[in-house]
Every structure is written in structure tokens, then in C-alpha cells.
Amino acid sequence: MRIIRPLLVSIIVLAFCASAHAENMRIVVFGDSLTSGYRLQPEEAFPAKLQRKLLEIGYQNIEVVNMSLAGETTTGGLERVNAVLTKRPDIVMLELGGNDVLRGINSTLIFRNLATIIGKLQMEKIYVIMVGIKAPPSMGLSYGQQIDAIYQSLAETYHTPYYPNALEGVTENPDYNLADGLHPNAKGVDVMVENMYRLVDSGLRWKWNLMQYQEQYKP
């Protein structure tokens, strides 16, 4: 049984991937320069590498759309959320707030903007994954705590999967950053994808189960 059990699990997983993804699934990455591919080749950007990772683990008919924009703020994201809706995504990875923080924007405004974005997406039955950011120490301890608190509060209020730090494992390693020390290089993007792809995997499985339930019980 020690040999058969891992084999059986692998067969079940492969069967799920083959059947569960006959339907097209679209993921939109909606963020700023941390996920847009800033100063990288298109194939090195987070959305492109996320798509490759999902294909590697067995998904089919998966499309990851890059709607991240360098310099984007939560206010700008709120203005663009309708453009995201036109893509008819199944899942949205929401990674915004970094530029607000660097500008010292009031945390209440950041919260309000993100809450409105999440609300608009969830009203369309889109599965939202929220990706947080950490305020740099130069912004002060109190401000950093406020930023951490708003992301945590949003995740709890809107029941979204949540990854607290987009640059976890990247910021502290110069080998994973561009020369500016602020943005991930191609290796840094690999770390980000490895950190977060499981949240997308869970979202895809949830969406598939929902689709199956709706198909089974539709009038």
C-alpha cells in the first residue's frame, strides 16, 4: 500500500485536471508594477509565469490576463475596475496599494477604494484573491500597522483568500530584485509565483465545484 497510495493520489489529481478544466478559466492579475512585469520581458512578468505554473501542474484551457499597470494606485484601480469586468474573469488577483503607501495616502482611503473594488467584483460572482503589501520601515511603525490592519480587515470582511505580502522572500534578497531595489527581477517573480499559485489553484477548484453544482441543480 505504501507504493500504491501515492500512485492512486496522482491518478486522482490528474483525472481532476483533465476533466475539471475542459471549461475555459480566466484569471486576471489586477495590480501595479510588482505584477505588471516592470522592466521585464512579457514572458517574465508575473501573469505569464503564473499561467506557465498552472499548466505545469496539470491545468488546461487556462488564461491569465495581465491588467496590472506600473504606477497604479487604489484610486486608479477603482477607475479601471469596469475594464476588468469586461474581461469576464473567473478569478481576480487584486494586488494594489503599494503606490498609495509610498505616497503616504491615508489608510482609510486605501481601505475604501479596495473595499469598493472587491465589492464590485464579488457582485459579479468573481472569486477574489487579495494580495497585500508591506509599508517600508521609512513610513513609520504606526502607518505600517495601519496598512497591515486594513488588508486583514478586508480579507475578513469580504471572506477573500489573502496573501499578506506580495514580496515575501523577495525584498530581503538582492538577487531577486532589479537595481532599484524595489521591483522583482525574473528570479523574484519566480518566488512570487511559487508563493501564491496555490491560492489560484484553490480558487479554480472552488469555481469548478460551483459550476458543477449549478449544472446539476439548474432548472
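**Figure 1. Met93 and Ile129 pair across strands S3 and S4.** In this predicted model, Met93 has Ile129 of S4 as its bridge partner. Strand S3 covers residues 91-95 and is joined to S4 by four bridges. The two strands run parallel. Ile129 is buried.

**Figure 2. Strand S4 is buried along its length.** Strand S4 spans residues 127-131, and five of its five residues are buried. The strand is therefore largely enclosed by the rest of the structure.

**Figure 3. Met130 faces Tyr162 where S4 meets S5.** Strand S5 consists of residues 162-163. Two bridges join S5 to S4, and the pair runs parallel. Within this pair, Met130 stands opposite Tyr162. Between the two strands the chain passes through helix H7, residues 141-158. This β-α-β crossover is right-handed.

**Figure 4. Five strands form an open sheet.** The strand order is S2-S1-S3-S4-S5, and the pairing is parallel. Which strands stand at the edges? They are S2, residues 62-66, and S5. Each has a single partner strand, so one side of each is left without a neighbour in the sheet. In the order given, S4 sits between S3 and S5.

**Figure 5. The whole chain, for orientation.** The protein has eight helices and five strands. Along the sequence, the pattern reads α-β-α-α-β-α-β-α-α-β-α-β-α. The protein has 219 residues, and buried residues make up 47% of them. Consider the contacts with a separation of 6 or more: residues 24 or more positions apart account for 76% of them.

**Figure 6. The largest pocket holds about 430 Å³ of space.** Helices H2 (33-36) and H5 (98-102) are the elements that give two or more residues to its lining. How many residues line this pocket, and which lie nearest its centre? The lining has 20 residues, and those nearest the centre are Leu102, Lys134, Pro136, Leu167 and Leu182. Helix H5 provides the largest share of the lining, four residues. By class, the lining has ten nonpolar, seven polar and three charged residues.

**Figure 7. Ser138 and Leu102 are separated in sequence by 36 residues.** Their C-alpha atoms are 9.4 Å apart in space. Ser138 is found in the loop between S4 and H7. Leu102 is among the residues nearest the centre of the largest pocket. Is Ser138 buried or exposed? Ser138 has a relative accessible area of 67%, so it is exposed. The cut-off for exposed is over 50%.

**Figure 8. The second largest pocket has a volume of about 200 Å³.** Its lining consists of Arg26, Leu85, Arg88, Pro89, Asp90, Glu124 and Ile126. By class, three of these residues are nonpolar and four are charged. No polar residue is found in this lining.

**Figure 9. Arg88 is a lining residue of the second largest pocket with a positive phi.** The residue is found in the loop between helix H4 (74-86) and S3. Relative accessibility is 69%, so Arg88 counts as exposed.

**Figure 10. His159 also has a positive phi.** Where does His159 lie? His159 is in the loop between H7 and S5. Phi of His159 is near 55°, and the residue is other than glycine. His159 has a relative accessible area of 69% and is exposed. Helix H7 is part of the right-handed crossover from S4 to S5.

Technical notes
Residues are numbered from 1 along each chain as its sequence is written. This is a predicted model: local features need pLDDT of at least 70, side-chain atom pairs count only at pLDDT 80 or more; totals for chains, interfaces and linings use all residues. Side-chain values use heavy atoms; hydrogens and water are left out. On a 1 Å grid over the protein atoms alone, a cavity is a set of points where a 1.4 Å probe fits but cannot get out, and a pocket is an open set with protein on both sides within 12 Å along at least five of seven lines; lining residues have an atom within 4 Å of a point. Grid points are joined across faces, edges and corners, and a volume is the space filled by probe spheres set on the points. Ala, Val, Leu, Ile, Met, Phe, Trp, Tyr, Cys and Pro count as nonpolar, Asp, Glu, Lys and Arg as charged, and the others, Gly among them, as polar. Buried means under 20% relative accessible area, exposed over 50%, partly exposed in between (1.4 Å probe, protein chains only). Two strands pair if DSSP finds at least two bridges between them. A crossover is right-handed if, with the strands pointing away from the viewer, the path from the first strand over the helix to the second runs clockwise. Contact means heavy atoms within 4.5 Å.
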